[in-house]
Amino acid sequence: MISVSSISMNYGERMLFDNVNVTFHQGERYGLTGPNGAGKSTFMKILSGDQEPSSGFVQRPRRLGILRQDHYGHESDKIIDVVVMGNRPLWDALAEKAQLIAKPDVTNEEGMRLGELEGIIAEEDGYMAESEAATLLEGLGIPEALHEEPLSVLQGGDKVRVLLAQALFGKPDGLLLDEPTNALDIASIRWLEGFLFDYTGVMIVISHDRHFLNTVTTKIADIDYETIIVYPGNYDDMVEAKAEARTSLELHNAARSKRVESLQEFVQRFRAGSRASQVKSREKALEREKQALVDLKRSNIARPWIRFDVARPSGRQVLTVEGLTKRMGDKLICERLNLSAMRGDKIAVVGPNGIGKTTLLRMLAGQLEPDSGKVEWGYEASVGYMPQEHAEQIEKTEQTAHAWLWQWAKKADEEQIRSLFGRLLFSKDDPFKQLRMLSGGETVRMLLAKLMLQQNNVLLLDEPTNHLDLEAIRSLTQGLTTYPGTCVFVTHDRHMVSQVATRILEMGRDGIRELSPAQFDAGDFLTSYTQYEKHG
């Protein structure tokens with residue numbers, strides 16, 4: 001159990017949450033939700049003890065598994081050791097035991113200490129530690145051949161997988177996971193869902209993956225209105241319940257406000273007349289009605305408006321790929337790939353991290369030459385490309401956001417540009433921020449604004465949901481669903497795939513194939529990890 005008492009947090013005049021009292025119960029899996037900037041990561045740091053609140057206190061279980069993004073502190077440590085470090089008492093006991101055993105002579109006192117350490121190791125199930133750590137690593141896509149290697153041999157995304165295994169190791173009483181799916185491909189996310197589904201402790205997770213939240217959570221703790229409200233059910237259940245509750249309160253206030261206006265009019269009209277007793281009665285009723293009005297704090301949830309129009313439609317045959325072959329070093333990306341796309345196709349490209357999805361998209365975009373084969377775009381095809389590495393299109397310079405976007409506004413005037421910034425949730429002064437000052441979410445919204453201005457009839461999008469919150473992802477998904485052009489997009493967001501894609505192209509270690517929606521939903525992937533298919 002994790003208990004929060006009278007927690008408040010503010011930065012200067014900005015209040016994130018005020019006098020929050022909430023208990024997270026054992027056996028429940030909570031999703032911590034709220035828009036970017038609501039204070040989710042701050043609240044998670046308060047729960048973990050990494051940050052002190054402005055006021056209040058937190059009661060935590062004895063063993064807490066925490067996903068921390070501090071892999072640079074473990075560069076020289078063996079991968080499997082980094083995982084075992086997730087159980088600090090066990091790791092400290094193992095390290096001290098190794099030091100004592102390495103001594104040429106052991107004193108009686110040290111011998112007694114070795115006995116104590118053996119007891120701690122046994123109590124913490126230390127003799128199964130490497131086996132458990134290996135299972136976690138393999139489930140998250142880190143092969144056994146790498147387990148004895150230093151963490152430095154892995155790329156950034158794979159390092160996060162190791163830190164996730166560290167948080168899950170040792171059956172902690174509580175789990176605090178901040179964006180655990182960020183570095184995971186779809187197969188690994190499915191494995192993680194199965195693992196968490198069977199977890200019996202208390203879990204609190206922040207995620208912008210709607211499908212993940214709907215699958216693993218039993219309750220949602222939503223940060224809004226300067227407080228935290230716990231809703232039963234998953235994310236979709238919360239959205240529905242929250243909207244109903246807000247609507248009910250607004251209707252309540254509307255009815256009360258009308259009654260107040262009527263009573264005020266009566267009192268003002270007859271205050272000086274002969275109906276004094278009636279006026280007095282109305283004044284008491286007026287006071288009761290005013291007290292019954294609910295103080296509706298403004299919600300901090302806002303959804304950007306994302307819509308992609310087409311200036312001119314393409315021809316019917318949009319894309320032809322013939323005999324496409326590409327190697328990157330020793331890795332084969334594709335071999336003699338043939339692919340065609342018709343106007344209106346929405347093709348999702350899925351597969352494990354590092355398999356070559358970005359390389360394929362860059363070849364389609366003309367950013368990278370294939371070893372052999374050809375990519376041909378059809379009649380009137382106009383291609384808009386959004387890279388995964390945003391610096392390819394937006395350099396972090398002192399140029400303002402407004403100046404950068406203006407260069408793409410061939411048919412838009414100043415008023416339309418300002419309107420577009422507003423629709424994408426940039427406040428009044430935000431367009432004049434320097435590019436180097438933009439957050440990750442603001443940078444993505446700038447790239448989407450560029451595509452909205454260009455009105456291409458083909459979109460190539462590489463991980464477009466990165467850095468976006470749930471409301472922005474929801475808006476982007478709707479925008480792509482209604483887009484009249486052709487789209488090829490790389491994503492690990494299964495909700496987006498299921499809502500947008502008319503075709504699914506999977507890249508795996510055994511080749512490239514087209515999946516049916518039924519195969520995708522069933523998790524029938526070319527590259528499979530240990531999965532808990534019973535939980536889907």
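Histidine 390 first: buried or exposed? I looked up its relative accessibility, which is 11%, so histidine 390 counts as buried. Histidine 390 sits in the loop between β14 (383–386) and α12 (401–406). Helices (H or I, at least four residues) and strands (E, at least two) are DSSP runs, numbered from the N terminus. Leaving aside neighbours within four places in sequence, I found histidine 390 in contact with Thr443, Val444, Leu447 and His467. Contact here means heavy atoms within 4.5 Å.

A note on what I'm looking at: this is a predicted model, where local features need pLDDT of at least 70 and side-chain atom pairs count only at pLDDT 80 or more, while totals for chains, interfaces and linings use all residues. Residues are numbered from 1 along each chain as its sequence is written, and side-chain values use heavy atoms, with hydrogens and water left out.

Next, confidence. pLDDT is the predictor's confidence in each residue, from 0 to 100. The chain has a mean pLDDT of 86, and 91% of its residues reach 70 or more. Over residues 528–536 I saw pLDDT stay under 50.

Then the whole chain. I counted 17 helices and 18 strands. Of the 536 residues, 48% count as buried.

On to the cores. A nonpolar core is a set of buried Ala, Val, Leu, Ile, Met, Phe, Trp, Tyr and Cys residues joined through side-chain atoms within 4.5 Å. The largest one has 48 residues, and Val162, Leu177 and Leu196 have the most contacts inside it. Helix α6 (residues 156–168) gives the most to this core, with six residues. A second, separate core has 44 residues, including Phe308 and Leu453. Back to leucine 177: beyond its neighbours within four places in sequence, its contacts include Met44, Leu67, Leu164 and Ile206.

Last, a helix pair. The axes of α3 (residues 88–101) and α4 (residues 108–123) come within 9 Å and cross at roughly 150 degrees. Axes are lines fitted to C-alpha atoms, for helices over the stretch in contact, and angles run from 0 to 180 degrees between N-to-C directions. α3 and α4 are therefore roughly antiparallel to each other; angles over 145 degrees count that way, under 35 as roughly parallel, 65 to 115 as roughly perpendicular and the rest as oblique.

Notes:
Buried < 20%, exposed > 50% of the residue type's maximum accessible area, 1.4 Å probe, protein only.
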